[in-house]
Amino acid sequence: MISEFKERFDKRHDICREIKQGGKKIMACFYGLVPKELVQAAGMLPIQLIENRDPKFDEGSKLLPYLCGMSKNLTGQLYSKIYDYLDGAMVATVCDTNRHVFDIWQYNNILPNLFLVRTPSTNAAVAVDYYKEELKRLAGELEKLSGRKITDEALLESIALFNENRAQFKQFYDLRPKSGVSAEDALYVFASGLTLPVEEHNEMLKRLNASLSPRKGTNGQTRLMLSAVNLNMALDIIKMAAKYDAAIVTDDFIHNSRYGLNTIATDGDPWEALARGYLRTIPAPGIYPFEDRAAYIRDTIKEAKADGMIYLVQLYCDAFAIEYAILKERFDAWNINYLKLEAEDTPSSIEQLNVRVQSFVESLV
Ligand code: SF4
């Protein structure tokens with residue numbers, strides 16, 4: 001059944017168009033700090049904007065060449081109407097680039113509705129209070145759009161659905177290193193969760209987890225962890241590692257950390273729970289505590305019995321480059337075997353990483 005995840009991911013635009021034809025509104029999220037629970041509670045479908053490797057999108061974005069590929073690519077896709085079914089997008093600031101890309105989208109009326117999610121970078125009491133109000137402001141905007149009131153009950157129900165998704169993801173990631181699931185299949189298990197209705201993804205994950213057994217291993221291959229943001233690039237590195245007899249046995253696709261670790265409280269005030277569930281709990285560079293992120297990577301490597309880790313960043317992404325500079329100190333202090341790679345999301349740029357991946361794998365044997 002694992003192939004279903006890739007099939008559903010590949011058909012994501014068709015699936016969304018069908019859902020839209022059925023009368024449901026669809027809201028895009030630019031990154032993991034957007035509280036999808038709110039969108040769901042408003043009766044709309046939240047989906048993550050995903051990179052599409054076609055140079056025409058980067059070129060068509062008309063953004064400055066030294067901005068990150070992610071922002072250029074998503075902007076180009078929106079101009080090209082790839083996401084013609086969207087009713088709007090919510091952009092939560094994770095870096096200067098995506099914050100200002102929001103302004104450009106707004107200036108050019110790229111979508112009918114654009115909402116900036118003002119997420120504080122601390123979780124002090126004053127920040128939680130502020131963010132609760134921000135969530136209520138956003139809820140008002142979503143209610144106007146969907147025509148559905150976001151009641152406390154609806155929000156609690158939505159939080160519970162995403163909690164179920166996190167619990168199933170956690171189970172999957174616990175089982176994954178010893179289950180023989182290939183890294184490529186695992187990537188689609190993760191990616192499909194960013195674009196499918198959460199109810200459907202929950203049901204698929206439950207069936208998958210029930211079918212996994214801890215019998216198969218990696219047959220003596222070098223075991224690696226992969227940390228990455230861009231899924232196309234991650235897929236290339238997975239294939240490249242396989243060429244040198246290494247298997248990516250666990251991964252850290254940033255959003256996965258979010259889904260895998262944090263359950264949001266479902267008792268008490270749901271607005272406060274949602275605020276607390278997002279502030280300083282999502283691995284956005286510079287917002288999430290560096291120490292926690294480094295420790296999460298260290299512990300995940302250990303649990304998966306990985307021999308080393310590849311840390312892949314996209315060229316011109318200052319946010320992850322700065323984060324890496326701090327994480328690196330921890331990795332060195334903990335004697336973690338790691339390889340940092342930086343490239344653009346193009347086949348030629350990735351191809352140049354071959355030698356480095358090969359020598360890293362060989363150094364671990
Ligand atoms: S975090 Fe990096 S890749 Fe993501 S939008 Fe910001 S600069 Fe681009």
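I began with the charges over rings: R12 lies over the face of F9, at 4.2 Å from the ring centre. The criterion I applied places NZ of Lys or CZ of Arg within 6 Å of the ring centre and within 35 degrees of the ring normal. K6 meets it too, over the face of Y188 at 5.2 Å from the ring centre.

I note that the model is predicted, so local features need pLDDT of at least 70 and side-chain atom pairs count only at pLDDT 80 or more, while totals for chains, interfaces and linings use all residues. Residues are numbered from 1 along each chain as its sequence is written, and side-chain values use heavy atoms, with hydrogens and water left out.

I next looked up the aromatic pairs and found 12 in the structure. Rings of Phe, Tyr and Trp (its six-membered ring) pair if their centres lie within 6.5 Å; planes under 30 degrees apart are stacked, over 60 edge-to-face, and the rest tilted. Y311 and Y324 form a tilted pair, with 5.4 Å centre to centre and 35° between the planes. Y311 belongs to strand β7 (residues 308–314) and Y324 to helix α15 (residues 318–333), so this pair ties together parts that are 13 residues apart in sequence. Helices (H or I, at least four residues) and strands (E, at least two) are DSSP runs, numbered from the N terminus.

Y311 is buried at 1%, and Y324 is buried at 10%. F331 and Y338 also form a tilted pair, at 5.3 Å centre to centre and 55° between the planes. F331 is buried at 0% and Y338 at 17%.

I recorded one aromatic cluster, formed by F169, F172, Y173, F190 and F253.

I then turned to the strands. Strand β3 (residues 88–92) runs parallel to β4, joined by 4 bridges; two strands pair if DSSP finds at least two bridges between them. A89 stands opposite L114 in β4. From β4 (residues 114–117), L114 and L116 point one way and F115 and V117 the other, and all are buried. In a regular strand the side chains alternate between the two faces of the sheet.

My last entry concerns Y66, which I located in the loop between α4 (55–60) and α5 (69–79). Y66 is exposed, at 53% relative accessibility.

Key: Buried means under 20% relative accessible area, exposed over 50%, partly exposed in between (1.4 Å probe, protein chains only).
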